[in-house]
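Could you walk me through this structure in my viewer? I would like to know what to select at each stop and what I will find there.

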Amino acid sequence: MTFLPYPEPRYHGESGTQSARLRRADTPPELTTPSGTRVGYLATGTDSDGQLGLYRYDMGPAQGGPGPHFHRTITESFYVLAGQVQLHDGTGWVEAGPGDFLYVAQGGVHGFRNHSGAPASMLILFTPGAPREGYFERVSETGQMSEEERVEFYLRHDTFWV
């Protein structure tokens with residue numbers, strides 16, 4: 001097995017820093033969407049100095065989720081915590097349950113949806129840590145946007161529909 005080298009150091013001190021941040025399990029989610037999905041921003045790009053974004057995505061029983069799309073600048077990974085989620089792996093929709101993981105490189109077609117009629121939960125990881133909060137906070141408003149506003153919104157958030 002061939003291993004990639006470690007990246008260049010970003011910290012050059014000798015004794016370490018006190019930079020750990022604990023987020024308790026009972027912390028309320030930062031976002032609740034009109035469909036009832038709750039999104040907890042576990043680590044944002046701002047929190048991680050642009051390294052990653054990690055969200056907990058708790059979907060209610062209502063069906064929904066984004067169709068096939070891709071990103072040019074970020075990777076996206078999904079780890080199912082509970083329930084059943086359909087993930088698009090670039091070739092089609094596959095059922096995923098607790099413990100299943102999907103990694104998508106830049107340009108990889110993907111999507112996710114809850115069609116089970118029951119709650120489901122997953123972790124979503126973005127690298128690098130793009131400012132995805134604005135996307136999740138406004139995506140439910142795209143139906144009220146003009147075509148021009150919608151195109152600009154998706155371009156600003158590196159989302160290209162297939």
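Start by selecting Tyr-79, Leu-81, Phe-101 and Tyr-103, which make a nonpolar surface patch of about 410 Å². The model you are looking at is predicted, so read every stop on this tour as part of a prediction.

Now colour two strands, β5 (75-82) and β8 (101-104): each of them supplies at least two residues of the nonpolar patch. Pick out Tyr-103, which lies in strand β8. Is Tyr-103 buried, exposed or partly exposed? With a relative accessible area of 47%, Tyr-103 is partly exposed, because that label covers values between 20% and 50%.

Next, zoom out to the sheet. Which order do its strands follow? The order is β1-β2-β3-β10-β5-β8, in an open sheet of 6 strands with antiparallel pairing. Look at the two edge strands, β1 (31-32) and β8, each of which pairs on one side only.

To see one facing couple, select Arg-56 together with Leu-123: the leucine belongs to β10 and Arg-56 stands opposite it.

The remaining stops are about the backbone. As a guide, most residues other than glycine have a negative phi, and most peptide bonds are trans.

Select Thr-127 and Pro-128. The peptide bond from Thr-127 to Pro-128 is cis, and its omega is near -10 degrees. Pro-128 itself is in the loop that runs between β10 and α1 (133-138).

Then go to Asp-49, in the loop between β2 (38-43) and β3. What is its phi? Asp-49 has a phi near 55 degrees, a positive value in a residue other than glycine. Asp-49 counts as exposed because its relative accessible area is 56%, and the cut-off for that label is over 50%.

Finish at Asp-158, in the loop between α2 (147-156) and β11 (160-161). Here phi is near 50 degrees, again a positive value in a residue other than glycine. Is Asp-158 buried or exposed? Asp-158 is buried, because its relative accessible area is 9% and buried means under 20%. Show both aspartates together to end the tour: Asp-49 is exposed, whereas Asp-158 is buried.

Note on methods
Residues are numbered from 1 along each chain as its sequence is written. This is a predicted model: local features need pLDDT of at least 70, side-chain atom pairs count only at pLDDT 80 or more; totals for chains, interfaces and linings use all residues. Side-chain values use heavy atoms; hydrogens and water are left out. Patches are made of residues with over 30% relative accessible area and no salt bridge: like charges are joined within 9 Å, nonpolar side chains (Val, Leu, Ile, Met, Phe, Trp, Tyr) within 5 Å. Accessible areas come from the Shrake-Rupley method with a 1.4 Å probe; for residues, only the protein chains shown count as cover. A salt bridge is a side-chain nitrogen of Lys or Arg within 4 Å of a carboxyl oxygen of Asp or Glu. Helices (H or I, at least four residues) and strands (E, at least two) are DSSP runs, numbered from the N terminus. Buried means under 20% relative accessible area, exposed over 50%, partly exposed in between (1.4 Å probe, protein chains only). Two strands pair if DSSP finds at least two bridges between them.
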